[in-house]
Structures are given as C-alpha cells and as structure tokens.
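The following exercises are to be worked through with the sequence and coordinates at hand. Each task is followed by a solution in steps.

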Amino acid sequence: MDHLSTLRILSEAADWDAVAPSPRIESCGQTLIGESAVNDEPGVATPAQTPQVSEDAAYGICRVKRLGGGSVPILKVLLSNVCSYNCAYCVNRRSANVRRASFQPEELARTVADFDARGVIHGAFISSGVLGSPDDTMERLIWTAQTLRERYVYKGYLHLKVIPGASPELVRLAMRYATRVSVNIELPSEESLLRIAPDKSPDAILTPMTTIADQLCELAETNPQRTSSGSFSSMSAGQTTQLIVGASPESDAVILGLAQHLYTRFNVRRVYYSAFRPEGAAPSLPHLAAPPYRREFRLYQADMLFRWYGFSPQELFASGEFLDEDLDPKTSWALRNIEFFPVELMTADFGQLLRVPGIGPASAQKILALRKAGRLNSSSLKKLRIRLKYALWFITLHGRSQATEIQGPWETPAHCTLDHPEILREFLKEKKPVPPPINPELDFLS
Ligand code: SF4
C-alpha cells in the first residue's frame with residue numbers, strides 16, 4: 001500500500017477519537033465554547049474558524065483553537081488501526097471489517113516532521129490500535145515520538161495516546177516526549193466496560209492515569225513554569241480522557257460525577273464527551289437512530305458549569321438523573337431556583353453574577369469593573385457579551401427589571417416573567433436542533 005493511502009486510512013480511523021478535534025467535525029462549522037472563551041456563556045455558538053480545505057481534511061489535518069485566541073492546524077493520525085482488542089463501540093475493533101494499515105514508527109515520525117517543515121501543521125495527535133500487547137504498542141508510539149523529537153528536532157505540540165495496560169515505566173517515558181497524553185476511559189462504569197470492552201479492565205485504565213497524575217505533580221514541583229512560548233515543553237498540556245455517551249445505560253449524573261472525580265483525583269485537564277456513533281459499532285450495542293449529540297452538548301455545558309462557575313454536578317439535576325435537553329443546564333437550574341433571582345447588578349458579587357443565565361466569567365468581571373467605574377447602565381450592559389435573551393429576566397439594575405428596559409429582537413409572550421416560570425421556560429427553550437456533531441475543540445495551549 002502506498003504512503004498516501006496509508007495516511008488516508010489511518011487519519012480517517014483516528015477521527016473516532018474525540019480527545020482531538022476532527023476535520024469532519026470542523027467542516028460542520030460548529031463550535032462549543034471552552035477554555036479559550038471563558039468570557040462566553042455555555043450555549044453560545046461562536047463562529048467557527050475557517051474550516052480547512054477538504055484536501056487537508058483528507059489527510060487528517062484539522063484546525064483547533066488555541067488558548068488565548070486563533071487556531072492552528074494539527075495532524076490527527078493512528079500509528080496502526082490493526083487492533084487485537086474488540087471494543088464493541090469502536091470501528092477499529094478486531095472483528096470489524098475495515099481496511100487495515102500501519103506505519104512504521106520512523107515513517108510516521110518522518111510524515112509528521114515533513115508536514116511540520118512545510119508549515120502545514122503546528123501539532124500532531126498520535127494514537128494506535130493495540131498491536132500485540134499494550135507495552136508493544138506503547139513502545140512503538142514512544143519510538144515515533146522520540147524519533148520526531150530527537151532526529152527531526154520537532155518542537156511542536158504532540159498529543160500521544162497511552163494504551164490501557166501500558167506499564168508505568170513506558171507511560172513515564174511517553175511523557176518525556178509528549179505535550180499531552182490521554183488514556184480513554186470510554187465506558188462510565190465497570191460493568192459496562194467489562195461488557196462492551198472485555199479486553200480492557202478498570203485497573204488497566206486507571207493505573208496509567210494514576211502514573212500520569214503522579215508524574216504531573218512531580219513535574220509541577222520540580223519545574224512549575226513548563227510552558228514556554230514558541231515551543232511545547234514536556235507535558236505542558238496535561239492529561240485528558242474521553243467518555244462515550246449513549247453506548248451504555250449510565251445517566252448524565254453518573255457521567256458528570258465520574259468527570260468531577262477525574263478532575264479532582266487524576267488532575268485531568270479536560271474530559272471529552274463523545275456521542276456514541278452507532279454506524280461503526282457492533283450490532284450488540286443500542287440501535288440509536290442518530291448519535292445523541294444534544295446530550296453530548298448538554299454534558300459539555302454542565303462540565304463547564306462545575307469547572308468554572310462554582311456549580312456542583314448534583315445541583316444541575318432536578319429530580320431525575322438526566323440533564324434537561326431543552327434548556328442549557330444553567331437556565332434549567334435558574335428556573336428551578338427562582339428564589340435566587342432577580343440578582344441586583346449593583347450589589348451582586350462575582351459568584352452571584354455567574355449564576356445568572358447568559359452571564360459568563362468575563363462578562364461578570366466587566367460588570368464589576370463598569371460598576372466600580374460608575375458606568376454600569378442599560379446601554380453599557382447591551383455592549384457586553386451577555387446572552388441578553390436569557391439574562392434579562394433574572395437581573396435588576398438599580399432595582400429595575402431589565403426585561404422592560406432593554407428591548408431585544410425577539411417577540412415576548414404575555415406573562416413572560418419570573419412569576420410564571422413555565423411561560424419563561426417555554427420562551428427560552430431551545431427551538432433549533434443542535435447541529436451535529438459538537439466540536440470537542442481546545443486541545444491546545446499557547
Ligand atoms: S483498543 Fe478498543 S477502542 Fe482502541 S482501537 Fe482497539 S478496539 Fe478500538
């Protein structure tokens with residue numbers, strides 16, 4: 001098989017991993033706000049960066065946003081899509097009837113270095129199916145990374161996949177060359193893992209994650225300033241993981257509870273939620289008509305709320321175990337807790353402002369700054385990046401409801417006030433479908 005065919009097969013096969021963005025996803029022009037847009041509010045779809053041309057997409061090159069602005073192209077590719085494991089959700093599983101290909105480590109290192117030398121990419125995400133044993137595969141991934149760093153003096157971003165079951169020494173070695181590593185948990189409970197991915201075990205996943213977390217602590221203690229401008233230093237982007245949503249019966253509450261545990265216990269930089277895509281999966285898995293993209297979207301929004309807005313995952317659920325799919329989780333929470341509102345902008349503290357639907361951390365900071373400068377009024381409010389359609393009902397300024405002070409381009413139904421939360425809910429309900437799939441984005445540090 002020629003080099004380009006191998007590259008095509010292995011970049012297409014890598015598309016199934018959400019921990020790095022996908023050219024297919026980027027080309028949909030959707031984006032979910034995230035770490036580079038902390039001034040935004042969950043639910044705001046910001047304009048996507050110009051998608052890469054299809055030619056680049058064919059080689060697995062996609063654009064990702066950088067923390068601090070802008071976007072950069074990265075190559076997303078597998079070392080091999082041959083796999084001795086048989087995870088039922090995975091298109092590369094042993095029993096799947098797909099074209100197989102493999103790179104030699106030097107060959108893949110040369111490919112990445114060549115793209116980099118031509119200025120086509122600014123980073124790479126490299127994963128692999130399990131070729132023989134986890135350690136055999138890990139050694140080949142490390143060999144690739146080492147060749148890239150040492151022979152080709154590659155200084156760009158490098159995200160390496162850690163294979164479940166890889167030994168701690170190899171995990172630590174991989175961290176010498178990678179900017180970021182990830183071990184995918186995939187199934188949110190032990191029972192589902194054993195049923196759907198029988199070759200894996202919780203221990204095989206959690207042991208490398210623990211090794212990574214411990215090593216990250218050590219690195220932070222010995223060298224707290226590891227991120228340098230212009231090049232990516234070892235492990236400056238930490239570890240991430242992915243959870244599949246909808247392939248198994250776990251609720252949103254279970255998934256978010258696990259995510260919170262991973263953030264606190266394993267020092268995970270980012271948990272990615274990936275809607276189960278039935279088209280590539282084994283017939284034994286649920287027969288969904290379409291991947292649950294809206295559910296995935298709500299999980300990303302909820303995740304932001306407990307990482308940046310001071311919510312606990314438990315607060316985001318009413319009586320059930322699933323998020324409200326019709327409303328973003330903060331608006332849903334606000335409508336269940338109307339005694340908290342209205343929030344008076346002249347006296348509210350930062351934490352109270354963050355509880356208001358439509359107000360994010362950056363807008364909250366700006367409100368406080370404008371208030372301090374004596375310039376907070378209805379017209380200055382309109383110039384902030386606030387989702388006014390959501391915020392107006394929940395705030396007052398100098399005791400006056402802003403729902404009557406500020407006219408939006410929408411038609412307001414009668415009795416649409418906090419006194420009638422059911423009418424307000426109907427008005428604020430998401431009418432448009434969430435266009436699939438959501439961009440997992442933000443794999444990058446600046
Ligand atoms: S280990 Fe499982 S998820 Fe990974 S490539 Fe193999 S079958 Fe797919």
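**Exercise 1.** How many residues does H4 have, and what distance does it reach from its first C-alpha to its last?

*Solution.* The model is a predicted one, in which local features need pLDDT of at least 70, side-chain atom pairs count only at pLDDT 80 or more, and totals for chains, interfaces and linings use all residues. Residues are numbered from 1 along each chain as its sequence is written. Helices (H or I, at least four residues) and strands (E, at least two) are DSSP runs, numbered from the N terminus.

Step 1: H4 has 13 residues. Step 2: the expected span of a helix is 1.5 Å times one less than its number of residues. Step 3: H4 reaches 18 Å between its first and last C-alpha, close to the expected 18 Å. Step 4: just after H4, Gly119 takes a positive phi of about 75°.

**Exercise 2.** Determine which residues of H4 are buried and what they pack against.

*Solution.* Step 1: a residue is buried if 20 or more other C-beta atoms lie within 10 Å of its own, exposed if 12 or fewer, and partly exposed in between, with C-beta atoms placed from the backbone. Step 2: by this criterion the buried residues of H4 are Pro105, Leu108, Ala109, Thr111, Val112, Ala113, Phe115 and Asp116. Step 3: they pack against helix H1 (3–14), strand S2 (71–78), S3 and H5, where a contact requires C-beta atoms, placed from the backbone, within 7 Å.

**Exercise 3.** Which residues touch the most other members of the largest nonpolar core?

*Solution.* Step 1: a nonpolar core is a set of buried Ala, Val, Leu, Ile, Met, Phe, Trp, Tyr and Cys residues joined through C-beta atoms within 7 Å. Step 2: in the largest such core, of 108 residues, they are Val112, Ala145, Leu160, Ala174, Ala178 and Ala391. Step 3: helix H10 (residues 293–308) supplies the largest share of this core, 6 residues. Step 4: the core lies between domain 1 (3–316) and domain 2 (329–428), because both give residues to it; the domain bounds come from an automatic or database domain assignment.

**Exercise 4.** Locate Val153 and His415, and state whether each is buried or exposed.

*Solution.* Step 1: most residues other than glycine have a negative phi. Step 2: Val153, in the loop between H5 and S4, has a positive phi of about 45°. Step 3: Val153 counts as exposed because it has 9 C-beta neighbours inside 10 Å. Step 4: His415, in the loop between helix H16 (402–405) and helix H17 (421–428), has a positive phi of about 65°. Step 5: with 10 other C-beta atoms within 10 Å, His415 is exposed.

How values were computed. Two residues are in contact if their C-beta atoms, placed from the backbone, lie within 7 Å.
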